[in-house]
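Please view the sequence and the model below before reading on.

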Number of protein chains: 2
Amino acid sequence: MAVIGRLSRLQRVVSAELKRTFAAHDLDSASFDVLATLRRSAPPHRLTPTELMKSGMVTSGAISQRLDRLEGRGLVLRTPNEEDGRGVRVSLTDEGRELIDRVLPEHLATERRLLSALTGERRDQFVETLRELLESLEGPAGPAGAACCRNSGRTSGACCAV
Amino acid sequence: MAVIGRLSRLQRVVSAELKRTFAAHDLDSASFDVLATLRRSAPPHRLTPTELMKSGMVTSGAISQRLDRLEGRGLVLRTPNEEDGRGVRVSLTDEGRELIDRVLPEHLATERRLLSALTGERRDQFVETLRELLESLEGPAGPAGAACCRNSGRTSGACCAV
DNA sequence: GTGATGTACCTCACCGCTAAGGTATTGCTA
DNA sequence: TAGCAATACCTTAGCGGTGAGGTACATCAC
C-alpha cells in the first residue's frame with residue numbers, strides 16, 4: 001500500500017529527471033527508448049517493431065508512430081524483412097547511432113546520480129526485490145517484455161530503458 | 001541501471017493491473033486518484049485543486065479536467081472557497097463517497113496480491129528503500145507532493161494512490 | 001492448392017496530459 | 001491606498017498513447 005504509492009511516485013520523479021537529459025539532446029523518453037533498445041540489441045542492432053513494442057511495453061500503434069517520427073528525423077531506417085513479407089526491420093542510421101552514443105553516457109550518469117543515496121548493498125537488495133516482483137507478475141519468461149532480452153541474448157538485462 | 005529500467009517496468013505492470021480494478025467500477029486511474037485522495041484526507045474530506053494537483057503529481061490543467069469529469073458524473077462537488085475568493089474546495093458527493101468506499105477495499109486487495117511474492121521483512125526493506133530514495137530526490141519535506149500528506153495530518157502516508 | 005486462422009504492421013478516432021497563457025483575487029510595499 | 005507581484009484556477013492547442021479496425025502475408029489442416 002505504502003509500497004505501490006511510493007513506487008508510482010518514485011517512478012514519476014525519476015522519469016521526470018531522465019526526461020531532462022533526453023531533452024538536452026532533442027529527444028523524448030519515447031524516442032530514447034527506441035534508440036536505446038536498438039543500440040543495446042545484439043549486432044547488427046536490428047529489431048522488428050514487434051520486438052520494440054514488447055521492450056517498450058506500448059501498443060503497436062505507438063511503435064508505428066514512434067518509428068514514423070524517428071524515421072522522419074533520419075535516426076532510424078525501416079527496411080523490408082526478407083524472411084517475412086509481413087514485417088519490417090528497424091535499424092539505426094549512422095546519425096541515430098551517433099546520437100544515442102552521445103546520450104547514453106549522460107543518461108547513465110543521471111541514473112547513477114538518482115541512485116546515489118543508496119549504498120551498494122542496499123542497491124543490490126533493491127534490484128533483487130524488483131526482480132522478484134517482476135518475475136512473480138510477469139512470470140519467469142517475462143510474457144510481456146522479455147522478448148527483447150531473449151532476442152538480444154540477454155536474460156537479465158536492462159529492458160525498458162526508460 | 002538495471003534499477004531504473006526495472007522500476008519503470010514494474011510500475012507499468014502494476015498500474016496496468018490496478019487499472020483493471022478501477023475499470024470494473026467504471027473508473028480510471030486519474031479519477032480514482034482524485035476520489036481516493038479526497039477520501040483519505042482529514043474530515044471533512046475537502047481539498048483544494050492545488051492540493052489534489054500536488055498529491056497526484058500532475059499539472060493544474062489536468063486537475064481542472066479531472067474535476068470537470070468527476071463533477072459531470074456527480075461524484076465530486078466544487079464549492080467556492082469562502083476564505084479565498086480565487087479558490088474552490090472540492091468535496092465528495094454522497095455518490096462519490098459510496099463509490100470510492102466500494103472500490104477501495106478491492107484496490108487494497110489487488111495491491112496485496114501484487115506484493116504477495118514478498119515476505120513481510122523484504123516488503124519492509126523495500127518500502128524503506130523507496131522512502132529513502134524519494135527523500136533524497138524530493139527532499140525531506142517533499143517539495144512536489146507532500147502537501148496532501150501535511151494537510152491531512154499524514155507525514156508518512158500513502159500519497160500518490162495510483 | 002484452398003480456406004481458415006494467426007501474425008505483423010499500419011491507420012485513425014479519441015482521450016488525458018502538458019505547457020502556455022488568461023482571468024480573478026490576494027497580499028505585500030511604497 | 002495605489003500599484004504590483006504572486007497565487008488559484010481555468011482554458012486550449014498540441015502531443016503521444018490506446019484500442020479498434022484494416023491490409024497483407026504466413027502457416028496449418030485438409
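## The surface near DNA strand C

In this predicted model, the residues of the surface near DNA strand C comprise 5 nonpolar, 11 polar and 7 charged. Here, near means that a heavy atom of the residue lies within 4 Å of the strand; Ala, Val, Leu, Ile, Met, Phe, Trp, Tyr, Cys and Pro count as nonpolar, Asp, Glu, Lys and Arg as charged, and the others, Gly among them, as polar. Local features need pLDDT of at least 70 and side-chain atom pairs count only at pLDDT 80 or more, whereas totals for chains, interfaces and linings use all residues. Residues are numbered from 1 along each chain, chains are lettered from A in the order in which they are written, and side-chain values use heavy atoms, without hydrogens and water.

Among the 23 residues around DNA strand C, those that come nearest are Pro49(A), Thr50(A), Ser64(A), Arg78(A) and Arg86(B).

Polar contacts (pairs of N or O atoms within 3.5 Å) include the following.

| Side chain | Atom of DNA strand C | Distance |
|---|---|---|
| Gln65(A) | base nitrogen | 3.1 Å |
| Arg86(A) | base oxygen | 3.0 Å |
| Thr59(B) | phosphate oxygen | 2.8 Å |

Two or more residues each come from α3 (49-56) and α4 (60-72) of chain A and from α4 (60-72) of chain B; these helices are DSSP runs of H or I with at least four residues, numbered from the N terminus. The most, 5 residues, come from α4(B).

Notes
A polar contact is a pair of N or O atoms within 3.5 Å; within protein, one must be able to donate a hydrogen and the other to accept it, and residues adjacent in sequence count only if both atoms are side-chain atoms.
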